[in-house]
Amino acid sequence: MTPRLSDALLERHLVLAVDRRSQELATALQRHGATVTRAPALKNIPHIDDAALLARTRELIAAPPQLMVVTTGIGFRGWFEAATAAGLDEQLHAALAGARILARGPKARGAIQQAGLVAHWVAESELSVEIAEHLRTLDLTGRRVAIQHHGAGADGLDELLEAASADVVSLTVYRWGPPEEPEAVRRSIRAAAAGQVDAVVFTAAPGAARWLHFAAEQHALDALREQARQGRLLFAGVGPVTAAPLQEQGLEVLTPQRFRLGALVRSLVQHFAQQQDGGTGVG
């Protein structure tokens, strides 16, 4: 049995609209007494056997990039796992060793270091817009640039690089697929709209957007907004990128100062502990 750390989430029902690391997050919340339901609206699908990814990898080995942009730690590690499975890991390492490597945040930097490479610049905000601002300061004309995307792949960086006359090699190392249990997602939305859920937690923007799409299909968005407005339902996200689709629907979102699962758990614990003590608000 998991040892209890506190009773801050006792009798609280939290929906985790999360696929990746959902068990880790569920366990952390249960240690504070939470009842947890997992209902991810998208499934994270690695590209381990993706022929297109391996073809792009061979392209980079044959003609190494001068600049490498790494947007996610899990994606970069997954790329090397795919390369290892294909017997290309040593050649890929050699191809990237001479490149200037940019990282979107500490997790991406950690994955780069784990691969035995060096991150020359890090976007501490963990936002693609900071990478874009940095890229605009560089002369990219004719430079070969490889960019590893997150699952959604739509961050505008390819277009920026192409407009700057760079030779762009784009890689998406994992993608999003349909949920394994779509009815579980619908049940979670009905429960949240009916006031039977205390919080819905997200860790990825595509997952948040898809959960909202399911909610719109069930005509539940107004009810969700009303539950949130009355303080009976909390929406929480691991960072501002994840929170954005929810905020676009007029929903206030609890986000931690540090964009980490541990910090997200602490923020949820503090929020509900404050409610027990008579405090209110999302912070």
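**Basis.** I worked from a predicted model in which local features need pLDDT of at least 70 and side-chain atom pairs count only at pLDDT 80 or more, while totals for chains, interfaces and linings use all residues. I numbered residues from 1 along each chain as its sequence is written, and side-chain values use heavy atoms, with hydrogens and water left out.

**Entry 1, α3 and α4.** I took helices (H or I, at least four residues) and strands (E, at least two) as DSSP runs, numbered from the N terminus. I looked up how helix α3 (residues 73-85) and helix α4 (residues 89-97) cross: their axes come within 7 Å, at roughly 130 degrees. The axes are lines fitted to C-alpha atoms, for helices over the stretch in contact, and angles run from 0 to 180 degrees between N-to-C directions. The two helices are therefore oblique to each other; angles under 35 degrees count as roughly parallel, over 145 as roughly antiparallel, 65 to 115 as roughly perpendicular and the rest as oblique. I listed F76, W79, F80, A83 and T84 on α3, and D89, L92, H93 and L96 on α4, as the residues that make the contact (heavy atoms within 4.5 Å). By class, this contact holds 6 nonpolar, 2 polar and 1 charged residues. Here Ala, Val, Leu, Ile, Met, Phe, Trp, Tyr, Cys and Pro count as nonpolar, Asp, Glu, Lys and Arg as charged, and the others, Gly among them, as polar.

I then examined helix α8 (residues 182-193) and helix α10 (residues 221-229), whose axes come within 8 Å and cross at roughly 50 degrees. That angle makes α8 oblique to α10. I found I189, A192 and A193 of α8 meeting A223, L224 and Q227 of α10. The contact has 5 nonpolar, 1 polar and no charged residues.

Which residues of helix α1 (residues 22-30) are buried? I noted S22, L25, A26 and L29, where buried means under 20% relative accessible area, exposed over 50% and partly exposed in between (1.4 Å probe, protein chains only). They cover an arc of only 100 degrees around the axis, so they lie on the same side of α1; the arc is that of the directions from the helix axis to the C-beta atoms. An α-helix has 3.6 residues a turn, so residues three or four places apart point the same way. The buried residues of α1 pack against β1 (13-16), β2 (35-38), β10 (199-202) and α12 (261-276).

For α6, I recorded S128, I131, A132, H134 and L135 as buried. Their arc of only 160 degrees puts them on the same side of α6. They pack against β4, β5 (100-103), β6 and α7.

I checked E126, which has a positive phi of about 65 degrees although it is not a glycine. E126 sits in the loop between β6 (121-122) and α6 (128-135) and is buried, at 12% relative accessible area. S165 also has a positive phi of about 65 degrees and is not a glycine. S165 lies in the loop between α7 (157-163) and β8 (167-172) and is partly exposed, at 43%.

I located T71 in the loop between β4 (67-70) and α3; T71 is buried, with a relative accessible area of 1%. Its neighbours, not counting residues up to four places away in sequence, include R104, H149 and D155.
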